[in-house]
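Hello,

Here is the structure I promised to pass on, with my notes on what turned up in it. Have a look at it first, and then read on below.

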Amino acid sequence: MAYMNQQRKAERMPAIKAVLKKYGMKGSVSVRNHMTLVVTVKSGDIDFSEFGDHYQVNPYWIETNYYGAARDFLLELKDAMLGHDYFDESDAQVDYFHCSHYIDINLGKWNQPYIV
């Protein structure tokens, strides 16, 4: 069963902060429902305008839907969020879902758009 808590979040924070700093981004990190690690990118140097000012990133489609600095940033952020102890033993054919935790990457919020 997916599980995320404040301690596991704190273990990933140095890597997440390093990626945000490397790309000149500002964001917040939170835990939702004790199973999802959420990074909300509030502002930064990368222009995501072609995707709108509020956008939820699908972590499974980063390689195909993004390019350039945006792609590099999101891939590094995804790796930092997953961490060293991530596992995914899910099998959709038998309706069995078992992973260490889920991740969500948001560009802005519904009431606060991402600012370049």
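**The sheet and its helices**

The hairpin of β1 and β2 has 3 residues between its strands, and there asparagine 33 takes a positive phi near 55 degrees. Helices (H or I, at least four residues) and strands (E, at least two) are DSSP runs, numbered from the N terminus. Before going further, please keep in mind that this is a predicted model: local features need pLDDT of at least 70, side-chain atom pairs count only at pLDDT 80 or more, and totals for chains, interfaces and linings use all residues. Residues are numbered from 1 along each chain as its sequence is written, and side-chain values use heavy atoms, with hydrogens and water left out.

Now the sheet itself. It is open, with 4 strands in the order β1-β2-β4-β3 and mixed pairing; two strands pair if DSSP finds at least two bridges between them. β1 (25–32) and β3 (55–57) stand at the edges with a single partner strand each, so one side of each has no neighbour in the sheet. From one strand to the next, the twist averages 25 degrees.

Going through the pairs, β1 and β2 run antiparallel and are joined by 8 bridges, with serine 28 standing opposite threonine 40 in β2. β2 and β4 pair in the parallel sense over 6 bridges, and here leucine 37 has isoleucine 103 of β4 as its bridge partner. β2 is also largely enclosed by the rest of the structure, because 7 of its 9 residues are buried (under 20% relative accessible area; exposed is over 50% and partly exposed in between, with a 1.4 Å probe and protein chains only). Finally, 3 bridges join β3 to β4 (residues 102–107), and these two run antiparallel. Valine 57 has isoleucine 105 in β4 as its bridge partner.

Two helices pack on this sheet. Helix α1 (residues 6–22) touches β1 and β2 (36–44), and its direction makes about 165 degrees with that of β1. Helix α3 (residues 68–82) touches β1, β2, β3 and β4, and its direction makes about 145 degrees with that of β4. Contact means heavy atoms within 4.5 Å; axes are lines fitted to C-alpha atoms, for helices over the stretch in contact, and angles run from 0 to 180 degrees between N-to-C directions.

How do the two helices meet? The axes of α1 and α3 come within 8 Å and cross at roughly 170 degrees. That makes α1 roughly antiparallel to α3 (over 145 degrees; under 35 is roughly parallel, 65 to 115 roughly perpendicular and the rest oblique). On the α1 side the contact residues are Arg12, Ala15, Ile16, Val19, Leu20 and Lys22, and on the α3 side Phe73, Glu76, Leu77, Ala80, Met81 and Leu82.

Just after α3, glycine 83 takes a positive phi of about 80 degrees.

Phenylalanine 87 counts as partly exposed because its relative accessibility is 31%. Leaving aside neighbours within four places in sequence, phenylalanine 87 is in contact with His98, Cys99 and Ser100. From phenylalanine 87 to serine 100 is 13 residues in sequence and 5.4 Å in space, C-alpha to C-alpha.

Best wishes
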